[in-house]
Amino acid sequence: MEKIDKIILGDNQFFGINHMSQQKAQQQAEKFYDINNIFKVYDNAINSGINGFMLNSNDRAKDICDHFKNNHNYDNLNWYPSIPYPHKYSNLIAEKGILPTINSVLFKNNTASGVIKMLTKGGSALLQNDPIKMMNLLIDVEMKMFKGLNVKVVFLQNIITDLMLGYGVKEVFVEYCNHIRKNYNATPGFISVNLPLLIKRFKEWEIEEVVICTSYNKIGYFMSPGRKEYEDIVQNINPKKYQIMAMSTLASGAIDASEAYDYINKQNIQSVVFGASSKKNIEHTVSLIDI
């Protein structure tokens, strides 16, 4: 399994997502309404030595992807898509209804041949009542915007990962891994807030060589069932089988950065993904991470 970037910049800050402060989230959303402000943050991150970027497949992701695809100065960057973006679908359904949403998602910006291909795949999946084919179709729709970028890992969002984990649906995880490896030449990734259970099931199901992005911080924020269980699992993980990417390392601002990364640096973790919007905060965070 190819090693992932040690430090990755996430994108929550660009889209008004802050789990601790709605006011701060609103301020960030207003600031980054101008997409050029987003590109300035990316440039600051690159100048700070960051080469990997996680990007949710939200409504603005295509414009971001196009920007980097159209500028060959960025060809060496690594991308970590996170799919699907649940808010995009919930907002569309609330606005348009289910059938218009399906039409919008499947056929928007598609060529005639692309529409026929989608209809063939989708119709076959529906007629055969095949949820795996439908899942693969959705993956392909979500991944279309990333074509042409150097995609290193494709993450399944935790809302899907943890739901399927709770139901114990082995086939979904197996087929997701197969589809990502075969069609995108990338490593399968999973975002979860229950690392111990996920690792336990993956070992039972013989699912290996994947990346797991999970909440990991000193106070146990978003870590189920708790910090100790995480530490016990991570201490004995073989990174050739499971690479761990830590998110929520500052617990949405509840932990000082120096204290947070002093803890993280002592863990058996291969990567950290963090969100920051100022040059100062990006450079400071990079200076603190030593995993």
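Where pLDDT is low, the predicted coordinates should not be read in detail.

As for the overall make-up, the chain has 13 helices and eight strands, and of its 291 residues 47% are buried. If we take the contacts in the chain with a separation of 6 or more, 74% of them are between residues 24 or more positions apart.

The largest nonpolar core has 68 residues, and the members that touch the most others are Tyr42 and Phe202. Helix 2, which covers residues 35–47, supplies the largest share of this core, namely six residues. Both domain 1 (86–149) and domain 2 (151–291) take part, each with at least three residues in this core. If we set aside residues up to four places away in sequence, Phe202 touches Phe173, Phe190, Ile207, Val210, Ile212 and Tyr242. Apart from this core lies another one, made of twelve residues that include Ile4, Phe155, Val211 and Cys213.

Now for a pair of helices. Two packed helices are described by the angle between their axes and the distance between the axes. Here the axes of helix 10 (residues 195–205) and helix 11 (residues 227–235) come within 9 Å, and they cross at roughly 40 degrees. Helix 10 brings Leu195, Pro196 and Ile199 to the contact, while helix 11 brings Glu229, Tyr230, Ile233 and Val234. Sorted by class, that contact has six nonpolar residues, no polar ones and one charged residue.

Next, here is a question about a loop residue: is Val151 buried or exposed? Val151 lies in the loop between helix 7 (131–143) and strand 4 (153–156), and Val151 counts as buried because its relative accessible area is 14%, which is under the 20% cut-off. Leaving aside neighbours within four places in sequence, Val151 is in contact with Trp79, Pro81, Met143, Phe146, Asn185 and Ala186. The C-alpha atoms of Val151 and Leu77 are separated by 8.9 Å, although these residues are 74 residues apart along the chain.

Finally, we come to the backbone. Most residues other than glycine have a negative phi, and most peptide bonds are trans. With that in mind, look at the cis peptide bond that joins Ile83 and Pro84, where omega is about -20 degrees; Pro84 sits in the loop between strand 3 (78–83) and helix 4 (86–96). The peptide bond from Ser224 to Pro225 is also cis, with omega near 5 degrees, and Pro225 lies in the loop between strand 6 (210–215) and helix 11.

As for positive phi values, Ser248 has a phi near 55 degrees and lies in the loop between strand 7 (242–247) and helix 12 (257–264). Ser252, which is likewise placed in the loop between strand 7 and helix 12, has a positive phi of about 55 degrees although it is not a glycine. Ser248 is partly exposed, with a relative accessible area of 22%, and Ser252 is partly exposed as well, at 27%.

Notes:
Residues are numbered from 1 along each chain as its sequence is written. This is a predicted model: local features need pLDDT of at least 70, side-chain atom pairs count only at pLDDT 80 or more; totals for chains, interfaces and linings use all residues. Side-chain values use heavy atoms; hydrogens and water are left out. A nonpolar core is a set of buried Ala, Val, Leu, Ile, Met, Phe, Trp, Tyr and Cys residues joined through side-chain atoms within 4.5 Å. Buried means under 20% relative accessible area, exposed over 50%, partly exposed in between (1.4 Å probe, protein chains only). Helices (H or I, at least four residues) and strands (E, at least two) are DSSP runs, numbered from the N terminus. Domain bounds come from an automatic or database domain assignment. Contact means heavy atoms within 4.5 Å. Axes are lines fitted to C-alpha atoms, for helices over the stretch in contact, and angles run from 0 to 180 degrees between N-to-C directions. Ala, Val, Leu, Ile, Met, Phe, Trp, Tyr, Cys and Pro count as nonpolar, Asp, Glu, Lys and Arg as charged, and the others, Gly among them, as polar.
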